[in-house]
Amino acid sequence: MFFDRLNGKFQMRVIQQALSILLSILTVSFAADTPHELSKIAGWKGAAPNSENTFNFIILSDRTGGHVPGRWAQAIEQINLLKPDFVMSVGDFIEGYTEDVNRLNAEWAEFDEMTQKLDAPFFYCPGNHDVLNPKMLKLYIEKHGVNGKSYYSFDYKGSHFVILDSSSAMRDTDFADAQIKWLARDMNSCSKADRIFVFYHHPEMKNKPCFKKTMELLPKDKTTIFAGHRHELNYLEHNSLPIHVLAETGSAKRK
């Protein structure tokens, strides 16, 4: 009689342990740090899972040259839903075309108030409406310049991003020469980049000499260029360099 009760307790203990192990198996949590690791956990691994170096960014193009009220603000709201790593641009943010500092400050305040509602970082790029004359360029650099310049670059996950000021380069040969010298140094410093993305406003800088010199500095095998200004989608090539011309974001189409 004693043996049977002991055996019964032993059997109950075995059953409890088995249930505990089974429960732990059913509730185990898998963790992943990269898309590739995540594909190992999924029921279907995916035909081509992203690598850990994958990222996404959005490019905003012309807002002005006849801006449509509310359209830029709507674009900001939609971008926040997409949750990009960051947002690039190709210029023409304010109507500009004046030396009236009070008016320029008011236009920049209006633009920045809308743009600063972005959840993602935003990178400025000047267009002709933003830096048409020396006074406008000075104000632009004060507000949105990097290291006292309207052109700059940065690296992200193996890619190199370059922002140029085509408007000032077309207007001022000294400015163009300084920007080209800077670009030459910048290209030497990013030789190990997987890709180079270049952003400026005018697709071809109206065939100015500075455009030809700029193109000669960009590696053909890994450079992609984005521009705006024309308010229409287009694709160009210059010496085998691809130039994607973007349609307007917040302005009316040109007729």
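Asn147 counts as exposed, at 77% relative accessibility, where exposed means over 50% relative accessible area, buried under 20% and partly exposed in between (1.4 Å probe, protein chains only). Asn147 lies in the loop between α5 (134-144) and β3 (152-156) and, although not a glycine, has a positive phi of about 55°. Asp92, in the loop between β2 (86-89) and α4, is also not a glycine and has a positive phi of about 65°. Asp92 counts as buried, at 0% relative accessibility.

The model is predicted, with pLDDT of at least 70 needed for local features and 80 or more for side-chain atom pairs, while totals for chains, interfaces and linings use all residues. Residues are numbered from 1 along each chain as its sequence is written, and side-chain values use heavy atoms, without hydrogens and water.

The protein has eight helices and eight strands, taken as DSSP runs numbered from the N terminus (helices H or I, at least four residues; strands E, at least two). Of its 255 residues, 44% are buried.

Helix α3 (residues 71-82) packs against helix α4 (residues 101-115) at an angle of about 25°, with the axes 9 Å apart. The two helices are therefore roughly parallel, a term for angles under 35 degrees, on a scale from 0 to 180 degrees between N-to-C directions of lines fitted to C-alpha atoms over the stretch in contact. Trp72, Ala73 and Ile76 of α3 meet Phe111, Met114 and Thr115 of α4, contact meaning heavy atoms within 4.5 Å. By class, this contact has five nonpolar, one polar and no charged residues.

Technical notes:
Angles under 35 degrees count as roughly parallel, over 145 as roughly antiparallel, 65 to 115 as roughly perpendicular and the rest as oblique. Ala, Val, Leu, Ile, Met, Phe, Trp, Tyr, Cys and Pro count as nonpolar, Asp, Glu, Lys and Arg as charged, and the others, Gly among them, as polar.
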